[in-house]
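Thanks for coming, everyone. I'll take the model from its overall make-up down to single residues. Please look at the structure while I talk.

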Amino acid sequence: MGTLLISCTLNNIYPLLVHSRASCFAVHKNVSSFFKVWVPLKVHRFSTRVGNSHEGDDKRPNTKQKEQSGKVPHALPKSVFAAGTARKKAEFLKQKWGNDFDKELKGPRKPKENNIPSQPLSAAQWKKLKDDARASHHFEVSMMEKMLAANSDIDVAKSLLAYVAMETGTVSYELLLRYLTLCVHGNHESEVFDVYDIMKKRFKTLETGAYSLFIKGFSRTEKWRECLLLLESIKRVITPSPRNYGHAINGALLHSDSRTAWVLYEEMVEKGLTPNQETWQAFFDSDRSAHDSESKLSSLLLYMRNNQIYPGEALVKSIKAWFESVPGNKWNGSWTTPENSGHCRNCCSSLESIQLTEDEYNQLKEKVMNDVIQGKDVFKKTTPQELESFKSFVKKRPPFDVVIDGLNVANTTSKGNQSETLLEVVSHLAQQNLRLLVLGRKHMLRGSRSWDRKNMSVIQQKADCFFTDNISEDDPFLLYATLHSGNHCKFLSRDLMRDHKACLPDSSTRRLFFKWQRGHQLVLSSYTAGRRIRFETVPKYDTIIQTEENSWHIPYDEDGVERYSYEVPRKWLCLEMKR
């Protein structure tokens, strides 16, 4: 990015110091008046029938489970796609394996050195502190970073600047930038104005990090319109970030200029940027008294729907408050969870189906076939001959109802014989008169303690089977057979297919794949050899923002629940217009 020659006088930093305690900041006017610094510029229960599918996170807890040792069992969510499942699994493993598991995840902790002064220091005191420091070369910048992390008193930071100015006759750009960060984060408006005046006078241009800080700092003040000029400055170099736009929008809304706010929002979306949740919340919070923008606010919800974005709890509370404040329409909001049947518990209306339309299914099938099954990396997982042999195998048979990842199912439990586990699951499904395809590897047929030949023979009588080479991955085969069999076909595996989803060419196709996956993937939730086989429930409804003429249904992320990208929220807001 080049190097900037920074020149400034002590008079330039004087405004930074005059707001602090005089005894600590007496700056001698004879100190070198001019200095130059070179600074580099651098941001189902799948019940007894495949057709009975409903949301897994609403399953009732197993009341038959008894406590053996007086300890409350650590319950896991009932669906691998339910928000919080991955986090609870990690907590379960931590509880099971103890502190060693936690140490392995986080690594050893290093002791933190905290030598931040609690009050302003004189130049002599700062000099002694620097001399005593282990790494004195970057002492000032490191100390300012520590102050920022600790949210220190601004006067302590000013005393450090005074010491640096008296000691060297210069304050580096790097140090000024960190001081500015402290001012912005601490809402010290006058100090932000002072730094801005200095940099505006002395530097022809700033790096984008400084512009971003000034936009945030000015957005909360009466000088908020300066944000618009700063945005234009950033545009000459790069595209402003969603956070840059968000701070400028928030400044406009705080000062009742909704027209400018919407212009900035539309410009941001046109550039393909995804707004922050704080930006959406600012619109809903500021427009409660101006309901002529109802269609615009509805467009925010539709944007979230089209991009499968879930509002956080703070945002959804603002959405609820806005709807309930609309005069005349009499909207009422309630917190709820859907029924397994796909109906809202609050208003009883049906939610959108998880099943893909014919057009959606054909579109997804084509993309998966081209980019996952026949993609450029597929032959790292199989061979052209093996793939063609499998395609021919599938085409010669009627469509399947369930495609089973044999190895994945066999490894459901560490107890017992793997072939017995697979045989029990296949037998359970075969009793329902379902056409089954079991995918496995050739070593499963050789006979061993884990793979009994008699069990494998019975499996081949109950289901069609295809065994790949031992070095091949079976996921592409599983996806091909499932999609080739039609929209009714499901697949059984605990593999969440994240790598294959990532191979898809665009976000809309990846969202379509995720919707199809949630409606077609079976996962064993409970297995006891010779006794019980249960599957996680397959949802009947799509977890997405949806609306009808007199209602909105909005799934949202709960505070304190960590949701991974392959999980969906469990809680919903139901908004209905009173009749």
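First, how the elements are named: helices (H or I, at least four residues) and strands (E, at least two) are DSSP runs, numbered from the N terminus. Take helix α17, residues 384-395. Phe390 and Phe393 are three residues apart in this helix, so about one helical turn separates them.

Now the ground rules. This is a predicted model, where local features need pLDDT of at least 70 and side-chain atom pairs count only at pLDDT 80 or more, while totals for chains, interfaces and linings use all residues. Residues are numbered from 1 along each chain as its sequence is written, and side-chain values use heavy atoms, with hydrogens and water left out.

The overall picture next. The chain has 23 helices and 13 strands. Of its 579 residues, 49% count as buried. Buried means under 20% relative accessible area, exposed means over 50%, and partly exposed is in between (1.4 Å probe, protein chains only). The chain exposes about 29900 Å². Carbon and sulfur atoms supply 47% of that area. The areas come from the Shrake-Rupley method with a 1.4 Å probe; for residues, only the protein chains shown count as cover.

On to the aromatics. How many aromatic pairs does a search of the whole structure find? The search gives 24. Rings of Phe, Tyr and Trp (its six-membered ring) pair if their centres lie within 6.5 Å. Planes under 30 degrees apart count as stacked, over 60 as edge-to-face, and the rest as tilted.

Back to Phe390 and Phe393. Their ring centres are 6.3 Å apart and their planes sit at 20°, so this pair is stacked. Both Phe390 and Phe393 are buried. For "over", the cut-off is NZ of Lys or CZ of Arg within 6 Å of the ring centre and within 35 degrees of the ring normal.

Compare helix α23, residues 507-520. Phe513 and Trp516 both lie there, three residues apart, about one turn of the helix. Their ring centres are 5.7 Å apart with planes at 45°, so this pair is tilted. Phe513 is buried, with a relative accessible area of 1%. Trp516 counts as buried as well, at 1%. There is another arginine over a ring: Arg518 lies over the face of Phe514, at 4.5 Å from the ring centre.

One cluster to find on screen. Ring pairs link Phe284, Trp322, Phe323, Trp331 and Trp552.

Next, helix packing. Helix α4 (residues 123-132) packs against helix α6 (residues 154-168) at about 85°, with axes 9 Å apart. Axes are lines fitted to C-alpha atoms, for helices over the stretch in contact, and angles run from 0 to 180 degrees between N-to-C directions. The two helices, α4 and α6, are therefore roughly perpendicular, a term for angles of 65 to 115 degrees.

Which residues of α4 make the contact? They are Ala123, Trp126, Lys127 and Lys130. From α6 come Val156, Ser159, Leu160, Tyr163, Met166 and Glu167. Contact means heavy atoms within 4.5 Å.

Look at Trp126, in helix α4. Is Trp126 buried or exposed? Trp126 is buried, with a relative accessible area of 0%. Leaving aside neighbours within four places in sequence, its contacts include Pro117, Leu121, Phe139, Met143 and Met147. Tyr163 is 37 residues from Trp126 along the chain, yet their C-alpha atoms are separated by 6.8 Å.

Now two loop residues. Most residues other than glycine have a negative phi. Asn151 has a positive phi, near 55°. Asn151 lies in the loop between α5 (139-150) and α6, and counts as exposed at 56% relative accessibility. Asn433 has a phi near 60°, also positive. Asn433 lies in the loop between α19 (418-430) and β5 (436-441), and is exposed at 72%.

Last stop, strand β10, residues 532-535. Phe535 is found there, buried at 0% relative accessible area. The loop between β10 and β11 (546-548) holds Asp542. Asp542 counts as buried, at 5%. Not counting residues up to four places away in sequence, Asp542 touches Glu352, Ser353, Ile354, Lys515, Arg518 and Trp572. That is the tour.

Conventions:
Parallel < 35°, antiparallel > 145°, perpendicular 65-115°, else oblique.
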